[in-house]
Amino acid sequence: MRLQLVSVAALATCALSGCRGCEESAKLPATAPAAAESRAIAVAEPATVTPTWAGPSSKAADGFQLSTGFLDGNGKPLPQPKSAVPNAIYTTALDPAGHPLGALDRIGSAEMVGFLLARDLRHALVSSALGPVREGADARALTFAPPGGGDHALVAVFRPQGGTLHAVISPISVSGNLPQLMGPGLNGLSLRATTADEQVQLAVLPADRTPSAPLDLQLQDIDSQGHSTGSVAVPFAVLVDPPMGRAVVLEPTSDSPLLHWNAPEPGEWLVLVAPKKGDQALAFHLTLPRAADKK
């Protein structure tokens with residue numbers, strides 16, 4: 001059917017434009033329709049399919065999910081968070097079957113840690129929930145005051161009772177004025193992160209290693225002179241891919257502050273760590289070379 005439509009469209013074009021080839025085409029030998037059919041097949045070749053963007057979806061690859069709702073500073077429901085004011089994001093973790101996880105094991109002193117990331121990484125905020133919003137509830141309140149509006153991603157980290165840490169990324173739209181300038185993006189970050197209270201360096205161990213071989217990430221305190229003053233122990237670090245659709249959580253072993261990654265994936269990663277204090281997350285840009293890149 002498509003070939004016939006192409007041929008009819010071609011004849012219609014000739015009739016409208018008065019092209020010279022129309023009369024000659026009527027005198028072509030019997031083999032001419034086959035040539036026209038060949039040309040029509042070439043026109044009908046399918047275009048290359050563009051892969052879909054795997055951004056935040058509120059569901060991780062392992063099946064764990066998030067459900068969110070928003071309240072303002074006075075506890076009144078909001079359709080979406082607002083910029084420049086505190087917002088409570090009521091966040092409920094769900095298991096792969098969609099059941100709310102009411103009981104969570106602690107991550108340090110909290111039951112849930114959340115990072116709110118502007119899509120252009122002009123800010124990366126952190127919040128924690130010590131427990132449910134009230135007795136018997138499943139939701140935890142993560143409170144943020146984003147300085148600007150626009151598209152964001154919420155990265156929630158939690159541990160089901162007796163289980164391992166999980167991270168789920170959910171899209172969040174913040175109302176309010178957008179900044180005049182775009183943020184730095186992933187390429188604007190480095191292996192050193194600075195907040196108002198600390199400066200931390202991220203190191204990959206061993207430095208000279210085989211791509212995809214197990215590795216350790218080490219966090220080091222940096223003084224005002226730029227020198228390392230020792231390792232920083234954290235309960236976890238979460239690695240997020242550039243589209244902000246996937247996350248990997250790394251935990252230290254019981255006898256070492258190193259964060260072990262048994263099956264690292266080459267590529268670009270955003271590494272997020274909760275700071276000692278404050279609401280500014282420590283954010284790093286980590287690049288793991290592929291085997292073809294290693295000389």
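Arg209 is buried but forms no salt bridge. The nearest side chain of opposite charge belongs to Asp208, and it is 8.3 Å away. A salt bridge would need the charged atoms within 4 Å. The model is predicted. Arg209 sits in the loop that connects β11 (199-205) and β12. A polar atom of the Arg209 side chain lies 3.5 Å from the backbone oxygen of Ala213.

Asp216 belongs to strand β12, which covers residues 215-222. Asp216 is also buried, and no salt bridge is found for this residue. For Asp216, the nearest side chain of opposite charge is that of Arg209, at 9.6 Å. The side chain of Asp216 does make a polar contact of 2.9 Å with the side chain of His260.

Elsewhere, four strands form an open sheet. Their order is β15-β14-β17-β18, and the pairing is antiparallel. Strands β15 (247-250) and β18 (282-288) are the edge strands, each pairing on one side only. On average, neighbouring strands of this sheet are turned by 25° against each other, direction ignored. In general, strands of a sheet pair through backbone hydrogen bonds. Strand β14 (residues 237-240) and β15 run antiparallel and are joined by four bridges. Val238 has Val249 of β15 as its bridge partner.

Technical notes
Residues are numbered from 1 along each chain as its sequence is written. This is a predicted model: local features need pLDDT of at least 70, side-chain atom pairs count only at pLDDT 80 or more; totals for chains, interfaces and linings use all residues. Side-chain values use heavy atoms; hydrogens and water are left out. Helices (H or I, at least four residues) and strands (E, at least two) are DSSP runs, numbered from the N terminus. Buried means under 20% relative accessible area, exposed over 50%, partly exposed in between (1.4 Å probe, protein chains only). Lys and Arg count as positive and Asp and Glu as negative; His and the chain ends are not counted. A polar contact is a pair of N or O atoms within 3.5 Å; within protein, one must be able to donate a hydrogen and the other to accept it, and residues adjacent in sequence count only if both atoms are side-chain atoms. Two strands pair if DSSP finds at least two bridges between them. Axes are lines fitted to C-alpha atoms, for helices over the stretch in contact, and angles run from 0 to 180 degrees between N-to-C directions.
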